[in-house]
Amino acid sequence: MNIALIIAGGAGERMGQDIPKQFLTVNEKPVIVYTLEAFQKHPRIDEIDVVCIDGWEKTLSAYAKQFGIDKLNRIFPGGTNGQSSIRSGVTGLQEDHDGDDIVLIHDAIRPMVSEDIISDCLIKTEQYGCAITVIPCAEAMLTTENGESSQESYPRDNLKRTQTPQGFRLKQLIQIHKEALEKEITNSIASCTLMVELGYPVYFSMGSEKNIKLTTVEDLDIFKALLATKRAEWLK
């Protein structure tokens, strides 16, 4: 079974709005619905589960019914940070799923995830056991000690910018979260960083510059522009 685990447990303080950013409405549709629809439409996704911020579970269920998200199976409670929210979802999945099931962990606030990105993440997870969606680092990279100046660059070819989805076998997710608690690692930035901190290799799958994460108001402007943009026919 292929499961999409959507992480919608954050309050989104950096957006500076009155409601969580995953529930903001863009063109008469909540951001989280765009995300859910991407996995709902994908032919290889069997089930969707959501880790939801406290107090918004009924709203989420209502949106799922309104927009025809019938793959939604369960809603799990969010945690105090990203790592604990993911652990909440993994623990919930453990109750009634097989360890060999594939879980694609995805940010609710990445609504532009494409079918090709989801497909490649599934394929690479099947091939390697895990897959981290990445894109190349196109900018010049500088290191700094004080945050104000630099005297050293870092080769950008050695860097990847990570996105979601990030795919794993459920049994591996169970194992790494158990190990993390034992080693008192409680606030790793993402599943891929948790894997690396615990000494496990990670493998890459295809990402896209369009697969943006909505963190600021400016990101919402970009999202709206992407929704309105159609690629010119002459472009390859």
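Which residue in β11 does Val134 stand opposite? I looked it up in this predicted model. Val134 stands opposite Met206.

**Entry 1: the sheet**

I then followed the strands around that pair. Strand β7, residues 130-136, is joined to β11 by three bridges. The two strands run parallel. I traced the whole sheet next. It is open and has seven strands, in the order β5-β4-β1-β6-β10-β7-β11. The pairing is mixed. I checked the ends: β5 (72-77) and β11 (204-206) stand at the edges. Each has a single partner strand, so one side of each is left without a neighbour in the sheet. From one strand to the next, the twist averages 30°.

I also looked for a helix on the sheet. Helix α3, residues 82-94, packs there and touches β1, β4, β5 and β6. The direction of α3 makes about 145° with that of β1.

**Entry 2: the cores**

I turned to the nonpolar side chains. In soluble globular proteins, such side chains tend to be buried together. Here the largest nonpolar core holds 27 residues. Ile32, Phe39, Ile48 and Val50 touch the most other members. I listed the elements that give two or more residues to this core: β1 (2-8), α1 (31-41), β4 (47-52), α2 (57-66), β6 (102-107) and α4 (115-128). Helix α1 gives the largest share, five residues.

What is Ile32 in contact with, leaving aside its neighbours within four places in sequence? I found Ala8, Gln22, Phe23, Val50, Leu60 and Ala108.

I noted a second, separate core of 23 residues. Val90, Cys130, Leu173 and Ile185 are included in it.

**Entry 3: backbone exceptions**

Most residues other than glycine have a negative phi, and most peptide bonds are trans.

Where is the cis bond? The peptide bond from Thr164 to Pro165 is cis, with omega near 15°. Pro165 lies in strand β10, residues 160-169.

Asn27 has a positive phi, near 55°. Asn27 sits in the loop between β2 (25-26) and β3 (29-30). Is Asn27 buried or exposed? Its relative accessibility is 56%, so Asn27 counts as exposed.

Glu28 lies in the loop between β2 and β3. Its phi is positive too, about 65°, although Glu28 is not a glycine. Glu28 is exposed, with a relative accessible area of 74%.

How values were computed
Residues numbered from 1 in each chain as written. Predicted model: local features only at pLDDT ≥ 70, side-chain atom pairs only at ≥ 80, totals over all residues. Heavy atoms only, no water. Core = buried A, V, L, I, M, F, W, Y, C linked by side-chain atoms within 4.5 Å. Buried < 20%, exposed > 50% of the residue type's maximum accessible area, 1.4 Å probe, protein only. Helix = DSSP H or I, 4+ residues; strand = E, 2+ residues; numbered from the N terminus. Contact = heavy atoms within 4.5 Å. Pairing = 2+ DSSP bridges. Axes fitted to C-alpha atoms, helices over the stretch in contact; angles between N-to-C directions.
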